[in-house]
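Take a look at it first, then read on.

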Amino acid sequence: MSEARVSDDAPPRLLPGRLLWASAGVAAAVLGAGLGELAAGALTLHLGPVVGAREAMTVVLPSEFVIRDGIDIVPFLTGVPLVLVLVVLLVVLAAVAGVGAARGWRRPAVVGAVVLALGAVSVLLRPEPSLLELAPVAAGSLGFAAGLVLLAGVLRRHGVPGEPDQEPDQEPDPASGVVPATTRRTFVGAAAGVALAGVAAAVVGEIVGRGRRAVEQGRQLLRLTMVTPPTEPAGVGVGVEGVAPWTTPATEFYRVDQAVVVPTIAAEDWTLRIHGEVEREVVVTYGELIEMSVREQWATLVGLTYEVGGEQVGNAWWSGVPTSALLARAGVLTGADAVVQTGADGWRCVTTTQVLGDPGRRALLAFAMNGEALPLEHGFPARTLVPGLYGGVSACKWVVEWEVTRLETVAEDFADRPLQAPVRIGARIDVPEDGTTVPPGGVTIGGVAWAPPIGVGAVEIAVDDDGWRLANLGVAREHDAWAQWSATLDLEPGEHRVRVRARDRVGTQQEPGPLDDGAGTTGLHEVVLTVDADADDEG
Ligand SMILES: Nc1nc2c(c(=O)[nH]1)N[C@H]1C(S)=C(S)[C@@H](COP(=O)(O)O)O[C@H]1N2
Ligand SMILES: [Mo]
C-alpha cells in the first residue's frame, strides 16, 4: 500500500497535501479571530481576541517578563512584540489542528478546546469579568470550527491526503507532482474566501469598536462644570459591613437593557426631539441641555422586575434638567396627558405629563451620575429619571424622543407593562446572607429600605413569630433615596427566620404578602440564620 509513496521517481507529493490541510487550519483560524473581533466590536466590548490575549499574558506572566508589550522570557525573544509571539503560536496551533483534521475531528477538537479554554480563562481573569465578554471567544471558536469543517470538506471531497500514511483517493497529477492543479485551485479559492471573510469581519469589528472608543473618549473629555460631586448627607450610613453602600458606584449600579449592544452616541450628535401634541416642536442639543438650569438630587432607582431581596435597586446622585422645564419649552397642549419616550436602542416607555410636567415630582432629564457624565451603559448622553416610578415605565436611557400624546391613544401599545407603576415600598436584608451560621451572643443584621418619592419612615424586623420591632435607621431625610438600617439581635441557639418590612414617612406599610402582578414585585425579604456555638466567630 505504501509502494506509490516510496517509489523512487515519485515526487514528494505528500508534503503539499499536508500543507493544504495546514492552510485549512490557518484560514479557519483567521475566520475565527475575525469573528471574535467582530463580536467584540459589535458588543462594544473594548476587548477583542488579540488585545484580550495580550492582556491575559500580562496578567499570567510575572511582570518582569513583560516589558513594554514584548516578552523577556527567552533571550532571543526580547523585544519581539507579544502580539507577534501570540500570533505565531496561534498559527502553529491552527496548522496542527488543520493537519489533524485530515484524520478526523479529534485533534482539531482538542486544539480548539485548549484555545477556547485559554480564551475563557483570560476573560475570567480580568478585574470585573462579565459573561458577555465570553462572546468573542465563543464567536471565535464557532468561526474556527465552521471554517475548518468547510475547508476539510473541500479537501476530503478531492481526496487530498494529510499524512504520509494516508493514501490519496486520486492519482496525483504528474505535472504538478502533487495534488492536482484543479484541486489546488479549488482549495486555494475556498481557503482565501474563508480567510478574507475573517479579515473583513475583523475590519468591521474594528470600525464598530472604534465608534465606541471615540464616544467614550469624548465623554471623558467633557468638562461639566455645573455638576457637583456627590457628598453623602451626614448620618446616612449605619456602619455595618456588608450593607450596600449608601451611594451605589456607577460601576456597581444594576443594569436592565433590552438591547445587547449599548447605544453609543457622541454628545455632539445627541438631540432630544419633543413633538406631538405641543405648541411648538423643540429639538434640544446637548450643549443647550447643559446650559439650562441644572438640578441635582439623590434618587433611588428600582427595576420593575426587582425580585424580593434582589439586585435591581441602586442609589445615586443625579444631575440634570427638570423634565418640566423641557416640556414647558415645547408647551403641552390641553388634553395631552402622556409622553412616549424613545431611546436610541428603540426601547420605549410611556410616562404621564402629570409626572413629567410637575416640578414638584422632581423628574429629571439626567446627564450626570455620581458627579460624572452618565456612563454609556446608564444612558449617555442623557436619560430620564423619575423618583418613585419604576425604571421600566419612566427611566428611558439614551433618550432621543418625547412624543406628547394621550394615554388612551397609546395604552394598547404598552399593554405589556402597567401604565403608571409607582415604586412599591421595599426593604432588603443585606447581611448576614440567607443560610448563614452565626455564633451565639448577638448578631448584627442590616440592609437598605426605600419608599420613593415619600421617603422611609421606619424599618422593622421580626424574628420567627415574635412581634415586629423597630430597627435602627440611618438618617433618612432624602425623600427619593433609600435608607440603610441595622439591628442587633440576641438569638437563642437554633434556626431563626428573620423578616424585614418598611413603611414610608406618612405611615404607609410595605405590602406584606408576596405580590407579583407585573406592577412591581414586593413581599417581605427574609433570611434564615442558624445560631451555633461551633460557628467560627469572625463577625
Ligand atoms: N433605552 C432604554 N431605556 C431603559 C431600558 C432599556 O432597556 N433601554 N431599561 C429600563 C429598565 S426596565 C430599567 S429598570 C432602567 C434601568 O436603568 P439602569 O440600567 O441605568 O439601572 O432603565 C430603563 N430604561
Ligand atoms: Mo425595569
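In this predicted model, the side chains of Gln312 and Thr305 are joined by a polar contact of 2.8 Å. Leaving aside residues up to four places away in sequence, Gln312 touches Tyr254, Val256, Leu301, Val302, Gly303, Leu304, Thr305 and Tyr306.

Tyr254 turns up again around the ligand. Of the 19 residues around ligand 1, Tyr254 is among those that come nearest, along with Gln258, Asp345, His378 and Lys397. Sorted by class, that shell is made up of 8 nonpolar, 6 polar and 5 charged residues. Here are some N and O atom pairs between the protein and the ligand:

| Residue | Part of the residue | Atom of ligand 1 | Distance |
|---|---|---|---|
| His378 | polar side-chain atom | oxygen | 2.7 Å |
| Ala395 | backbone N or O atom | nitrogen | 2.9 Å |
| Lys397 | side-chain N or O atom | oxygen | 2.5 Å |

How much of ligand 1 does the protein cover? On its own, ligand 1 has 540 Å² of accessible area, and the protein covers 96% of it.

Now over to the strands, starting with β9 (residues 364–369). Is β9 mostly covered or mostly open? It's mostly covered: 6 of its 6 residues are buried. As a bit of background, strands of a sheet pair through backbone hydrogen bonds, either parallel or antiparallel. Strand β9 has several such partners to look at.

One partner is β6, which pairs with β9 in the antiparallel sense over 5 bridges. Another partner is β11 (residues 383–385), which runs antiparallel to β9 and is joined to it by 3 bridges. There, Leu364 has Leu385 in β11 as its bridge partner.

Then comes β10 (residues 372–373), whose pairing with β9 is antiparallel too, with 2 bridges. Ala368 is the residue standing opposite Ala373 in β10. Together β9 and β10 form a hairpin, with 2 residues between the strands. Asn370, in the turn of that hairpin, has a positive phi of about 55°.

Further along the chain there's a sheet to pick out. In what order do its 5 strands line up? The order is β14-β21-β20-β16-β17, and the sheet is open, with mixed pairing. At its edges are β14 (437–438) and β17 (469–470), each of which pairs on one side only. Inside that order, β20 (residues 494–504) and β21 (residues 525–531) run antiparallel and are joined by 7 bridges. One pair to look for there is Gly494 with its bridge partner Val531 in β21.

Finally, step back and take in the whole chain. How many helices and strands does it have? There are 11 helices and 21 strands. Of the chain's 539 residues, 48% count as buried. Among contacts with a separation of 6 or more, 73% are between residues 24 or more positions apart.

Technical notes:
Residues are numbered from 1 along each chain as its sequence is written. Chains are lettered from A and ligands numbered from 1 in the order in which they are written. This is a predicted model: local features need pLDDT of at least 70, side-chain atom pairs count only at pLDDT 80 or more; totals for chains, interfaces and linings use all residues. Side-chain values use heavy atoms; hydrogens and water are left out. A residue is near a molecule or strand if one of its heavy atoms lies within 4 Å of it. A polar contact is a pair of N or O atoms within 3.5 Å; within protein, one must be able to donate a hydrogen and the other to accept it, and residues adjacent in sequence count only if both atoms are side-chain atoms. Accessible areas come from the Shrake-Rupley method with a 1.4 Å probe; for residues, only the protein chains shown count as cover. Ala, Val, Leu, Ile, Met, Phe, Trp, Tyr, Cys and Pro count as nonpolar, Asp, Glu, Lys and Arg as charged, and the others, Gly among them, as polar. Contact means heavy atoms within 4.5 Å. Buried means under 20% relative accessible area, exposed over 50%, partly exposed in between (1.4 Å probe, protein chains only). Helices (H or I, at least four residues) and strands (E, at least two) are DSSP runs, numbered from the N terminus. Two strands pair if DSSP finds at least two bridges between them.
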